[in-house]
Amino acid sequence: SILITTANCSVSEKSLGMDHSKTNQVHQACLGFIQNSETLIKHETQLQQQPYDVSSWLLYLDSVDDEISKEKPNSEDQVSNVAWKLRDMVGRRAVALLPRSYKLWKNHWEYLLKGLERGIFSEEEVLNCFERCLWTLSAYPRVWVEYLGFLKDHPGCTSVTSVRRVINLALQSLPVTQHAKIWPTILEWIHSPDSDQASSGDLPSWRIPLESRVRVIRRYCLFNPLYRNEFADFLVRHERWGEAAIQYQHLLNALSAGAEVQRDSYWQAFSELCTQHPVQVEDAGVAWEQILRAVLSEKHGSQMKSSSSKTSESTLLEGILWTQLADSWIRRGSFDIARSVYEEGLQTVRTVRDFSVLYDAYLQFEEGLLEAATSVLEDGDMEMGEDSPQESSDDWDILLEETANSKVADMELALARAEHLTSRRPLLLNSVVLRQNKHSVGDWLRRAELYLELDLAGQAIAALEEALTVTDANRCVNGKPSGIVLKLGEIYEKQEVEKAQELFDRICRKLDYKFQKADDLAECWAAWVEMSLRLEQWDEALALARQAVAPGSGPRRLNLTKSVRLWDLLLDLEESLGTVQTAKDAYNRVLEIKAATVQQVLNFASFLIERDYFEESYTAYEKGIELFAFPHPGAKLLWMSYLKSFTHRYKGSKVERTRDIFQRCLEECPAEESSEFFLMNGQFEESYGLVKRALSVYQAMCRKVTPEEKYLAYRLFIVKTRKYLGVTATRDIYQEAIDTLKDQEAARICMDFAKVETELQESERARAILAYGAQLADPRRLPEYWKAWNEFEITQGNEETFREMLRIKRSVEAAFSTVNYNASGLNEKVENLTDEQAMKLISEQEGVERQPETNKVAGFVPSSSKKRTATAANLDEVEAKVAQLRKVTGEGDAKEDEESENDEEIDIDDIDAEIEEAAASGAIPDAAPEGGTGLETKSIPQGVFGGLKSVETN
């Protein structure tokens with residue numbers, strides 16, 4: 001009785017959705033089921049004692065679930081499913097006693113959902129369960145989530161309006177902090193496909209009106225503004241263009257300053273939307289053109305601020321924005337407004353990339369209008385051809401003629417506009433470059449040239465006048481600012497000379513343009529003077545040139561009084577248009593203020609010499625030399641011209657004065673540039689002075705010039721000495737040259753010295769000189785030296801001297817082989833050898849025995865690689881040693897035993913072989929036959945005996 005009473009109190013007939021008779025049957029069946037189960041009776045007894053214990057109810061429900069699992073449900077007969085009905089009845093009793101228990105309600109609706117899947121319960125019963133649950137658990141977001149999820153997954157269980165009401169109740173019941181838990185389920189329901197969009201036609205789906213979807217998503221955007229992007233895409237997909245533009249506008253206004261990438265993407269989408277659907281966007285209340293112009297002005301201002309440092313970080317192209325604005329007017333049919341927008345954009349963009357985008361769009365627009373006009377004209381001609389002329393009246397002919405003429409005029413106008421736009425492209429591009437940097441002189445000049453090519457001289461003048469106004473001399477690039485003035489003056493001179501005069505007067509005298517460098521202002525003065533010369537205004541040109549270099553002709557910071565350009569111009573004009581005295585005054589003035597150049601000094605001197613002012617010209621030279629002293633590169637030119645002019649004028653009449661000038665020059669002149677002055681001095685002394693002084697000059701030259709020029713200097717000194725004092729006077733010079741020059745050059749001097757001695761029949765002295773120079777001549781570097789010695793011995797020597805020459809040659813080769821040479825100075829690569837390797841190599845090549853313990857070649861004369869030795873300080877000692885060596889060599893032929901015991905001598909078999917080869921070739925006399933004296937009768941050269949008379953021997 002307690003069970004039935006409780007069930008009747010908790011469950012009404014209306015909530016069950018069944019009639020009274022069937023309800024009684026279900027109750028009786030449930031009561032019988034409980035009475036047949038001892039477990040359920042125990043739970044009933046427990047609940048009578050503790051009716052408000054949640055755990056007891058949960059245990060009771062679990063026991064009923066166990067009973068249900070034992071039976072198979074039958075959806076056809078509700079009465080047979082007693083256990084399922086009992087489970088529903090017990091759950092309703094539990095939530096009726098404990099209506100605020102979330103566990104019991106969750107257990108109950110999950111059970112109903114499971115029964116709904118099996119077909120035992122209906123959707124209405126599940127809805128009633130959630131409704132009853134929300135009476136007490138409306139503050140639980142999980143209940144709302146489950147409820148909304150059930151509604152989403154079961155289309156048709158209720159109306160769309162009912163679902164929207166549930167959503168409103170959920171948002172009103174829960175606090176805002178918990179709305180994020182239920183909105184995902186709501187959005188899934190909103191974005192669920194319609195019945196016509198479902199993948200399968202058998203599955204039911206919600207048919208949610210578009211307005212309902214829009215309103216719900218708009219409400220969610222208030223909660224999450226970041227969802228406006230998806231909302232805008234949703235509106236675009238459903239062709240709600242105006243409201244989509246409003247959402248993009250809200251997105252752009254809400255972005256922070258650092259979100260440049262998102263801002264560019266939003267702007268691109270927003271601009272494309274407003275461009276493609278301008279009418280709908282305008283009807284929605286979006287002022288598209290005002291917004292776009294505000295963005296362009298802001299972007300232009302940011303580019304102006306960042307032009308000096310770096311470009312804007314935004315990747316949004318200004319040219320694309322202008323193109324989209326023009327496209328919006330094109331879609332409205334306002335072609336004239338679109339054309340004005342294109343022109344405004346071309347006069348505003350600041351980068352070549354934006355210009356290219358905008359210009360291409362503009363040209364495409366004009367070409368499209370031209371094609372449309374052409375096609376209309378062609379269609380009109382076809383229609384006129386199809387009409388019958390017999391049926392047309394006179395009025396109709398007039399109307400057709402007027403229509404055809406208008407079409408032709410429209411086509412010609414479109415063609416002219418396209419051609420005009422194409423011809424203006426270089427000028428438009430030049431204006432873009434100038435907007436990037438208005439201080440680019442080269443671009444301003446290029447703009448003037450473009451106007452002149454189009455025969456628009458007035459436009460060119462206006463452009464250059466604007467350049468003088470906007471450019472700053474401190475920041476000018478790609479040319480000098482004076483180039484603008486010169487180009488403008490050139491154009492004015494061709495148009496109207498008075499305006500050119502006014503221009504130069506403004507620039508040069510009134511200083512309307514502030515130049516940074518004096519050379520720019522000087523160039524303007526020079527252009528003014530040259531223009532006066534072209535106009536044959538000689539006096540005015542000379543006056544302007546004088547005024548240009550006068551004190552106060554320019555600002556204090558630009559000192560034109562020392563301008564080389566202006567002084568060159570003034571001096572040329574003074575020589576051509578002025579008097580001799582004014583020219584002399586101008587030259588003296590430029591020398592006085594130390595603004596002269598070397599060329600000006602030379603011109604001054606030439607000017608005076610041409611007019612026979614010789615002494616004044618020498619005074620000019622003196623001033624120039626004082627102004628440009630050594631080591632100035634122009635000092636050499638001044639001294640050279642001074643000396644040539646003086647010697648040509650006076651020749652031998654003022655010898656002492658000439659000598660003083662040469663002496664001053666040679667004292668101040670550095671060694672690198674003194675050789676020419678020494679030669680001039682020497683020639684002067686030879687022509688007008690004394691031989692002794694000439695030779696002293698050449699001697700001084702040999703001592704002062706650089707080491708690279710000493711060899712030629714000594715050669716010249718020797719030639720001059722031989723010419724004036726004879727051959728014997730050159731011996732001291734040769735000896736000094738040998739002591740002073742480098743090894744190779746000294747060796748060549750030795751060769752020349754030996755030739756001289758040979759000519760004097762001093763063979764012994766020549767041989768001594770060659771022996772002395774042998775230590776300086778590397779056979780690999782100077783083979784001509786040894787060739788000359790070999791020829792000398794063939795002509796002047798005998799077997800003993802030839803043998804001695806070969807011995808010295810091998811000794812020198814051995815000495816030089818141990819020295820590391822620079823391989824680049826040889827014809828072939830020379831390896832760096834140690835002493836032992838060098839001695840071994842020479843012994844193998846020459847066939848000479850080598851003493852391993854001493855690392856020496858037997859018979860070699862010890863030699864040093866040094867240039868000079870203490871024992872050979874002069875040629876007399878060398879000559880004595882060579883004679884003694886030859887004497888010893890002669891005695892060695894008679895004492896072979898003593899020679900074999902000497903470790904320092906070599907086996908002379910190889911040398912004898914070389915001598916025999918030389919004798920066979922006829923170079924030296926053959927050896928004597930057996931039984932003879934061993935010598936052939938031959939006239940001995942007189943040089944062997946010096947001054948003795950030659951004799952004949954058998």
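Is Arg 722 buried, partly exposed or exposed? Arg 722 comes out as partly exposed, at 36% relative accessibility (buried is under 20% relative accessible area, exposed is over 50% and partly exposed is in between, with a 1.4 Å probe and protein chains only). Before the close-ups, a word on the model: it is predicted, so local features need pLDDT of at least 70 and side-chain atom pairs count only at pLDDT 80 or more, while totals for chains, interfaces and linings use all residues. Residues are numbered from 1 along each chain as its sequence is written, and side-chain values use heavy atoms, with hydrogens and water left out.

**Figure 1. The whole chain, as a starting point.** The chain holds 46 helices and two strands (DSSP runs, H or I of at least four residues for helices and E of at least two for strands, numbered from the N terminus). Of its 954 residues, 42% are buried. Take the contacts with a separation of 6 or more: 59% of them are between residues 24 or more positions apart (contact means heavy atoms within 4.5 Å). Searching the whole structure turns up 45 salt bridges (a side-chain nitrogen of Lys or Arg within 4 Å of a carboxyl oxygen of Asp or Glu).

**Figure 2. Arg 722 and its partner, Glu 759.** Here Arg 722 makes a salt bridge with Glu 759, and the closest N and O atoms are 2.9 Å apart. Arg 722 sits in helix H37 (residues 707–725) and Glu 759 in helix H39 (residues 743–759), so this pair ties together parts 37 residues apart in sequence. As a general point, side chains of opposite charge can pair when their charged atoms come close.

Figure 3. What do the side chains of Glu 685 and Arg 659 form? They meet in a salt bridge, at 2.9 Å from N to O. Glu 685 belongs to helix H35 (residues 675–688) and Arg 659 to helix H34 (residues 655–668), so the pair ties together parts that are 26 residues apart in sequence. Leaving aside residues up to four places away in sequence, Glu 685 touches Arg 659, Leu 690, Arg 693, Ala 694 and Val 697.

**Figure 4. Lys 584 reaching Glu 616.** The side chains of Lys 584 and Glu 616 join in a salt bridge, 3.0 Å from N to O. This one links distant parts of the chain: Lys 584 is in helix H30 (residues 580–592) and Glu 616 in helix H32 (residues 614–627), 32 residues apart. Lys 584 is buried, at 9% relative accessible area, whereas Glu 616 is partly exposed at 33%.

**Figure 5. H30 packed against H31.** Two packed helices are described by the angle between their axes and the distance between the axes. H30 and helix H31 (residues 598–610) pack at about 150°, with their axes 11 Å apart (axes are lines fitted to C-alpha atoms, for helices over the stretch in contact, and angles run from 0 to 180 degrees between N-to-C directions). H30 and H31 are therefore roughly antiparallel (angles over 145 degrees count as roughly antiparallel, under 35 as roughly parallel, 65 to 115 as roughly perpendicular and the rest as oblique). Their crossing is left-handed (the near helix is turned anticlockwise from the far one by less than a right angle; clockwise is right-handed). On the H30 side the contact includes Lys 584, Tyr 587 and Leu 591, and on the H31 side it includes Phe 604, Phe 607 and Leu 608. By class, the contact has nine nonpolar, three polar and one charged residues (Ala, Val, Leu, Ile, Met, Phe, Trp, Tyr, Cys and Pro are nonpolar, Asp, Glu, Lys and Arg are charged, and the others, Gly among them, are polar).

**Figure 6. H25 alongside H27.** Helix H25 (residues 482–495) and helix H27 (residues 518–534) have axes that come within 9 Å and cross at roughly 20°. H25 and H27 are therefore roughly parallel, and their crossing is right-handed. Among the contact residues are Val 485, Leu 486 and Glu 493 of H25, along with Cys 524, Met 531 and Arg 534 of H27. This contact divides into five nonpolar, one polar and four charged residues.

**Figure 7. A salt-bridge network.** Glu 211, Arg 215, Arg 218, Arg 240 and Glu 243 are linked through a network of salt bridges.
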